[in-house]
Amino acid sequence: MTTSGIHPRDNTSEAVDQPHARIGLALVRLTIGAMFVWVFFENLGKGLYTPGGYAGLINYYIQKGQAPAAWKAVMALAAEHASMAAPLQALTESLLGVLLVLGLLTRPAGLVAFAFLTSLWVSEWGTAWIWELLVPVLASFALAVGSAGRTWGIDAILASRRPSATWW
């Protein structure tokens, strides 16, 4: 067996060596965070966090959408329990927005945002443009993978104290 003498690169520190990439990811984090804050206030103004407003929107997706039948059953359960689901969605959207704007616990927030936006994306199939939520879905996943809070975020302070922690 022969070896070429070429050693594989250590990719774990690659982001540190690419400040433009870190800044770009931080801009995506701020944009997704601002989107969540904006949507929270938009939905609040539309009354979508009230039981009636929430159930009405979910029932629209059930009737007009093309989500799988199993997912429509989950949506129907949420609509039936709108008095709990509506405030939970309001809390989720506002909290994700604040965490991402601050760059605090960005990796778990990005992962939750990915799952949350994926559920909304599936719910809206057939009622909205397919790319409308797909881009933020994938951007949220990138935030979790890329430790986006370590640039211009509170996670940078936390990482300086515990650099090996996976939360930031």
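Helix 1 supplies six residues to the lining of the largest pocket, the largest share; helices here are DSSP runs of H or I with at least four residues, numbered from the N terminus. The model is predicted, so local features need pLDDT of at least 70 and side-chain atom pairs count only at pLDDT 80 or more, while totals for chains, interfaces and linings use all residues. Residues are numbered from 1 along each chain as its sequence is written, and side-chain values use heavy atoms, with hydrogens and water left out.

The largest pocket holds about 780 Å³ of space. A pocket is an open set of points on a 1 Å grid over the protein atoms alone, where a 1.4 Å probe fits, with protein on both sides within 12 Å along at least five of seven lines; lining residues have an atom within 4 Å of a point. Of its 32 lining residues, Q89, E93, F116, L120 and E124 are the closest to the centre. Two or more lining residues come from each of several elements, including helix 1 (19-46) and helix 5 (106-123).

Six aromatic pairs are found in the whole structure; ring centres of Phe, Tyr or Trp (its six-membered ring) lie within 6.5 Å, and planes under 30 degrees apart count as stacked, over 60 as edge-to-face and the rest as tilted. F36 and F116 form a tilted pair, 6.2 Å centre to centre with 40° between the planes. This pair joins F36 in helix 1 to F116 in helix 5, 80 residues apart.

Note on methods
Grid points are joined across faces, edges and corners, and a volume is the space filled by probe spheres set on the points.
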